[in-house]
Structures are given as C-alpha cells and as structure tokens.
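Have a look at the sequence and the model first, then read on.

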2 protein chains.
Amino acid sequence: MEFENKFSKVTKSMKSNIIRELLKDAANPNIISFGGGVPDPETFPRNELAEISLKVLKDEYKFTLQYATTEGDNELKKQYIKLLEKHEHIDWLNYDNMLITVGSQQALHLISMVLLDEESYCAVGKPVYLGAANAFKQSFPKFLEIPIKEDGMDLEFFEAKLKELKNKHEIEKLKFVYVVPNFQNPTGVTMSLEKRKKLSELSKEYNFLIVEDDPYGYLRFEGEKLPNIYSMNPERTLLLNTFSKILSPGLRIGIIIGPKELIRQFTIAKQSADLCCPSLTQRIAARYLENHDIIKELEPSLKLYKSKKDTMLEALKVEFENTSKVSWTKPEGGLFIWLTFDESTNTMEMFEIARKKGVLYVPGESFYVNEIEKNHMRLSFCLPSHDEIKEGIRRLRSVVEDYKKVK
Amino acid sequence: MEFENKFSKVTKSMKSNIIRELLKDAANPNIISFGGGVPDPETFPRNELAEISLKVLKDEYKFTLQYATTEGDNELKKQYIKLLEKHEHIDWLNYDNMLITVGSQQALHLISMVLLDEESYCAVGKPVYLGAANAFKQSFPKFLEIPIKEDGMDLEFFEAKLKELKNKHEIEKLKFVYVVPNFQNPTGVTMSLEKRKKLSELSKEYNFLIVEDDPYGYLRFEGEKLPNIYSMNPERTLLLNTFSKILSPGLRIGIIIGPKELIRQFTIAKQSADLCCPSLTQRIAARYLENHDIIKELEPSLKLYKSKKDTMLEALKVEFENTSKVSWTKPEGGLFIWLTFDESTNTMEMFEIARKKGVLYVPGESFYVNEIEKNHMRLSFCLPSHDEIKEGIRRLRSVVEDYKKVK
C-alpha cells in the first residue's frame, strides 16, 4: 500500500532527529563521541533504586501496578515540593500547581498542544534546543529567533520585536518565550540575573508566558547559583524540571510547575496523549526523594563533570589557541560547550571527515529554526574519559585542518 | 493573568474526561461502582515483578536507568514477537514493525498526529471508545459513525458511506476505520469472522487503513477465539496491544504493530511527543515475558471474571426481566456489559439518583461523537464482589424505578 497520501500535514513536515542519525556510531569503541547529552550511568544510585523498587512493588502494589491519575503521584509531588522549598525557597506550591510528565519532552509537547496555533508566535533562542523546536513546530507557529549572547538572550533585540508585534496589534498572538536559563542546550550559556529580571518585566508589560526549561540548573560546578525566573514571576512562568540529569533518565520523569489554570489544561491534554505516567517509576522516585537529598548527592558527579569540562577547555586551548578563527563558550555547569568557527565553515560538511577520523560532535545547524547558522558545533564533555577528551579534541583539530584543505 | 486568550484551538475544544469526574466517589466503601475498566490488583504477579525489578536494576542498570531508544526495547519486542507467534500464528514480524508506546492511549494519540487533518475522515463505531475519540478529535477530522450490531460494525451501512465518499471523490480523505473487534468498549460486542474478512476486503477496495485496537482479546472466557484482522491484512492494519489488562496497567506499556513505513512515522512523532518510554518498565516486562506464558497465566483471572460476568447477567435477569424496556449485551469476554433502555430514558439525568442510592455506572452518552444516544449505560463487572454485583444491580433497579417516577 502507498501510505504517502494518508499522512497528515504534521507528518509531512516532521523530520527524524538528525542527531540520532549522526550519532549512530557513538557506541563504536574506536570513536570518541562528544555528541549525546546523556549522564554517566555509573553516577546512578542503582542499588538503592533496586531495593526501593523491590519494596514498592511488594508493599505498594495496589498503587505501583495500577493505573495512576493523569495529574501524577501525590507522594512524588509532596517530595518535590519539599525539594523546591529547600533548594529554591519556593514555598507556595500545591499539588495542583504540578503535572508529572514523561520527561521534559512531553511537557514541551503538551505546551505546544495547549498554547500554540498556526497564527501564534513563540519566541526561542538562536540557537534553540532542538527537542523544544520540534515539539513547537507541530503546531506550525511563527518563531521569533532571539540571539543568545554570553549572558543569555539579547533582550534589546527581543524588546524591539515585542514593540513591532504591538504596533502590528499582534502582541496577543505571542504565547510564550522559551528559555533554558542555566547552561543552555546547545551553547552552555547562563542567563544573567539582570536579564532574568528584565525578561520577567517584559512578560508582564507585553502579557506573554515564560517557559523556563531547567534540566541543568543543579549541574552547576562553579560560580554563583541564580534564582530561577519562576520564583520571580510565578504568575506567568511555567517551570520545567526533569529527573533525567539529577537521578536517572530511565525513569522518564519530568514535572511542569505553574499556575493551576494552566496545569489543569495540560492535564486534560495529557489525558488524551497517554492517560497517565507509569505508577511504578513515579513511586520509586518519590521514595528515593523521601530519604535522600538528591541535590547534595550530586556533588561527586559535579566534581567529575567539572574536571572533564576543564580538561576539554584546556585541550581546546592547546589545539586551537593559535587560530583566531575558532572561539568557544566557557560554561559554569551543564553538559555542553559551543564552538564557533569562521563563517565559511560548514560543520555538517565537516562531519564526514570527523567520522572517518573517529570523533563525533553535533553540527550546530540543527539548533536553528529560521536563519540557519552552519559554522557552530556542540561538544558534550560528560561521558568520555579525560584521555579521550584530549585525544578527541586533537582529532578534531586535524579534522578542521583537513576540512580547510579540501575546501 | 488571564489565560483564556492564550489557549490553542485544541485546548478550547478539549473537555476533561467526564468518566473520571463521575467516578470520583468510586472509592467510597458504601458505593458499589460498575464504572471503571480497571483490573483487580490482586491478579498482578507482584512478587515476581518485584524480584525482576530488583535484578534488572542491579544487573542491567546501564540500560534500565539510561535513556531508551524511541523505537523501544528490543528485548521486549523479541519476547512479544514470540508471544504473537505462539498465540496468533503471526510469524513475519521484525523489530521495525513495532513501536513501544505509553499505553494504547499514546498509540491512539500518535495515530491522530500522523494520519489525521481537519479535512480527513475517520470511521468509528457508534458507540466508540471515548479515549480513542478524544485522541482523534485533537486533529478535528470528520467522523463517520458506524452503528455497532450484535456481531460488530454494520458493514452494509459502512459500505454505503464508502460509496458516498467515492462518488464525492473524497474517498482518499478517509484515513482509517477504528475498531475494537474483541469485547468492544463500551458494548462488549465481538466482531464476527465474516465481518472481519469483509472489513479487510473493504479496506483494500477503498484503500483505507484499519486501526485494530485489541486490549481485551486475551480476556475471552468462553466461545471461540477469532483471528485478529491484522493477521488477515497486515498490509493495511495497525494492531494496538497493551499490557494493561494482561499484566499490569502500572507499567504503562502499549505496542503498535504494523507496516514499517508507518511505524517509522509514529516513531518520529513519538520523538517529539516524549522522546522514549521508560527503560525500566520495558525491561521488567521483557524479563517477565521471557520466563512466563502470560496468556496461560491469565486463566485464573478469566475464571474469576467469567463468574462475575455470569453473576451480573443473572442479576440483570432477576431484576429487569419483567420489564421489556431494558436489554443488555452478553459478552464472551472483556470487562463490560452495555444496557439499553427505552429512548425516553436519559442515563445522565438518572446518574444523580444512582449516586444517592450508592451505585455507579458510566452513562452511555460519553461514547458518541456525532449523534448522541442518551438511553444506554456501561457496566463493568471485573472489580466488585459477587455479592456487591447482586446488590448493585438491585440498587440499579430501584434507581430506574425512582427515575421513572420523577420523570
């Protein structure tokens, strides 16, 4: 049967996540991959999670093996509320301010379903996290691309766009701005306190929502922790958190925190999207949080990640400092460093050479929605060993040299 | 902040699942609920699942605590392929014919995303499972409602509709027909072998897909097992299965089986919907299937459900046989019996009296998309005890009597 003419408009517009295609070889031992943003499985508290899982399946089977509510496990919400009180000084949350999701990706999907239409605008970073862009694209909104500077989004640029929309009487069609304020994916950039306050003010002045995606906030190795935007502006902010980077991605648990009128709508959307999250994984996380300060327990992982980040920055300096044509970000946390080459460089073209030389990265062009920039690449430092990082950056240099020759 | 004007068209059209609202009191011990379609938690193999969970978290943590692929766990697919070979004589499946989903609800959501647009048609039963209708409605298709007879969909009615579409040159806009061939939700009706063959022929003649949702197929207590439509027509059929009724709903595992070109598109859609299912729950199910014939293990549950179904049919006979104005289906499996009252009866109006008298059911009107019928109700027999079933049906009779008086 010929299926083409049965597909929806969305399907015809959807492309497979290029990153997954490019990183197919990542498992090959001869290849050093700076590609994926996955945590090191050795950092997961597997034995304790195993004991908890045994216990909740034996003692709480009437919950853990049965359907859950769409809203999510209140035991998990209770523990997460405690965590936010302790670490974020957020002390006003009720269960109906939270929805448990299948990772942050589902939160982004629900936000797209509930808030976006073809005539809507949504503002995103330039570059922007590709999983978010893909979720939003399903609703075919118009994107405002806001350049990412060293201290976060260019808010002067954004404000000019807001004024334009207002003059066109289209400002109400701007549903939200999407930001990853801490160690943004892909750039590793953190939004300054001033900009967080300014963005919060803009959202009130121009009446739009802020979608604050914060998967990496607790992965700060150095520098001063900044308050999240939600804590300054709970009226207009949706805070997205996930356990994928701080406990385990295998549980697939994300949380949307926000005004209850919005959470209610996301809950109704989730009813038809997948009815509910698995009860088992939610209760395992709840019982783990009950007995652990997962943020404190991150400290060894953070030491590990920081040292790997330093190793990568040092290696970049060694290999590339004599060429003025390459620059890179210096993140204080998270998983990623963002390289920028001269504008004649096309990192997607370069990728084949890199594959042959046994080093993988993510070409930057995947992270743009309107105006594609081709001279960037994203490097992740969390998984390879220190020696692999040094060797990988060495290989990267010769990849760049060969690329320049053939070009 | 006023959120109304920020909501999408989908959101404005979405209503909360009324069933969940109506059944809020189901937990109240003084109330007998024939409402939900949830299995009895005592039937779950909790101790073995607990041991398996302990083991896969300790020994397979690099998989179970890490991100999974969007396609799903191949270990689970391998075991499910064996199950289908043994119990359905389906022996041609590869991994790329299958996608693991968060329950069947996500499968229905992905089908809506990938296949339906506003100008599309999709054919559904009259009545139809409400979770499916809600998933499809998000894409605003035109619905063809096909009456459900004692032996399944009225295919003469359907064929007349197909001819109409063909004459209007709109037949290509018909994307699929949605059927629950075994013990349909809500009616409990099973589609005859003749009709399965006929529907399969129609799908070839008029070039549409068949979405065969089969959550209850293995819950047959009596009568002869019928081959599923997928086995007759794998070219044009999507078979939806779930572990919710045969192992445990708490794992939230569903499977879409079909042509690999379609599975590929569902996989891309799932990438942006939630990236992947939890690795842990998938691997637990895989290891359980490896060592168990879950279909054989269902036998005690089936005995239990059959005896409860017989008790309910007997009670209905005792309480209602002297009134010609009530009729009901006699399912050979599944979870539901469907009652039909005279057309002056409105089971939603009647619901308040039922609540007061301590018996809950699902008013039939929830299961229609175009022409609403108000004189039906769905009763589930799987959870209450035999005595509760008898008492509940006794209460139901006095509910009906009181309703007639006030009316």
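pLDDT is the predictor's confidence in each residue, on a scale from 0 to 100. Chain A averages a pLDDT of 95, and 100% of its residues score at least 70. The model as a whole scores ipTM 0.95 and pTM 0.96.

Some housekeeping: this is a predicted model, where local features need pLDDT of at least 70 and side-chain atom pairs count only at pLDDT 80 or more, while totals for chains, interfaces and linings use all residues. Residues are numbered from 1 along each chain as its sequence is written, chains are lettered from A and ligands numbered from 1 in the order in which they are written, and side-chain values use heavy atoms, leaving out hydrogens and water.

## Two copies, one axis

Two copies of a chain are related by a rotation about an axis and a shift along it.

## The open sheet in chain A

Chain A has an open sheet of 4 strands in the order β10-β11-β14-β13, with antiparallel pairing (helices, H or I with at least four residues, and strands, E with at least two, are DSSP runs numbered from the N terminus; strands pair if DSSP finds at least two bridges between them). β10 (327-328) and β13 (362-363) of chain A are at the edges with a single partner strand each, so one side of each has no neighbour in the sheet.

β10(A) and β11(A) run antiparallel and are joined by 2 bridges; A:Trp328 has A:Leu339 of β11(A) as its bridge partner. Chain B has an open sheet with the order β10-β11-β14-β13 too.

## A buried threonine

A:Thr345 sits in the loop between β11 (336-340) and α15 (347-357) of chain A. Buried or exposed? A:Thr345 counts as buried, at 2% relative accessibility (buried is under 20% relative accessible area, exposed over 50%, partly exposed in between, with a 1.4 Å probe and protein chains only).

Beyond its neighbours within four places in sequence, A:Thr345 is in contact with residues including A:Met350, A:Tyr403 and A:Lys404.

Note on methods
Contact = heavy atoms within 4.5 Å.
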